[in-house]
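Dear colleague,

Please keep it open while you read them.

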Amino acid sequence: AARELAGRPGAGAAGGVGFACLLLGAQRRPGIDVVLELAGFARRAAGADLVVTGEGSLDAQSLHGKAPVGVAAAAAALGVGTVAVCGRTTLAPERARAAGLLAVHALTDLEPDPARCIAEAGPLLEQLAPRIVADLAPRGHR
């Protein structure tokens with residue numbers, strides 16, 4: 001049984017800690033699932049009109065395990081749409097929609113200087129809010 005466990009994904013993580021955990025009966029789970037569970041996401045998002053998630057940089061790599069896609073999938077399971085807000089994005093709108101995101105709004109759409117985006121993230125996010133609402137209105141969201 002130990003040889004079988006040693007070959008499982010994650011068994012070599014952190015110098016073999018993953019293997020030790022598997023030997024002790026642990027189950028390997030995607031990190032986003034654990035975080036959503038610990039945060040009580042299903043309870044909090046149930047009945048919501050919209051979920052807004054964020055990421056510093058939303059790109060093709062984001063489609064392979066980053067939080068916004070996991071959040072969008074969990075929200076979709078509850079029948080709730082998800083919008084991503086990010087510092088910058090290189091993700092084409094059709095790829096974002098295919099990943100379950102209704103829309104992606106980047107701070108760099110408002111302010112092209114990344115340093116200013118970081119320094120003024122709060123005010124820029126406030127400026128994005130009306131755009132998010134306006135973008136959703138044609139889709140029939142409240």
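**What was found**

Strand 1 and strand 2 (residues 82–89) pair in the parallel sense, with 7 bridges between them; two strands count as paired if DSSP finds at least two bridges between them, and the strands (E, at least two residues) and helices (H or I, at least four) are DSSP runs numbered from the N terminus. This is a predicted model, in which local features need pLDDT of at least 70 and side-chain atom pairs count only at pLDDT 80 or more, while totals for chains, interfaces and linings use all residues. Residues are numbered from 1 along each chain as its sequence is written, and side-chain values use heavy atoms, leaving out hydrogens and water.

The two strands belong to an open sheet of 3 strands in the order 1-2-3, with parallel pairing. Its edge strands, each pairing on one side only, are strand 1 (51–58) and strand 3 (101–106).

Helix 8 (residues 121–136) lies across strand 2 and strand 3, running at about 150° to strand 3 (axes are lines fitted to C-alpha atoms, for helices over the stretch in contact, and angles run from 0 to 180 degrees between N-to-C directions). The buried residues of helix 8 are L124, L128, I132 and L136, where buried means under 20% relative accessible area, with a 1.4 Å probe and protein chains only. These buried residues pack against strand 2, strand 3 and helix 7 (114–119), contact meaning heavy atoms within 4.5 Å.

Helix 5 (residues 67–77) lies across strand 1, strand 2 and strand 3, and runs at about 160° to strand 1.

Best wishes

Methods:
Buried means under 20% relative accessible area, exposed over 50%, partly exposed in between (1.4 Å probe, protein chains only).
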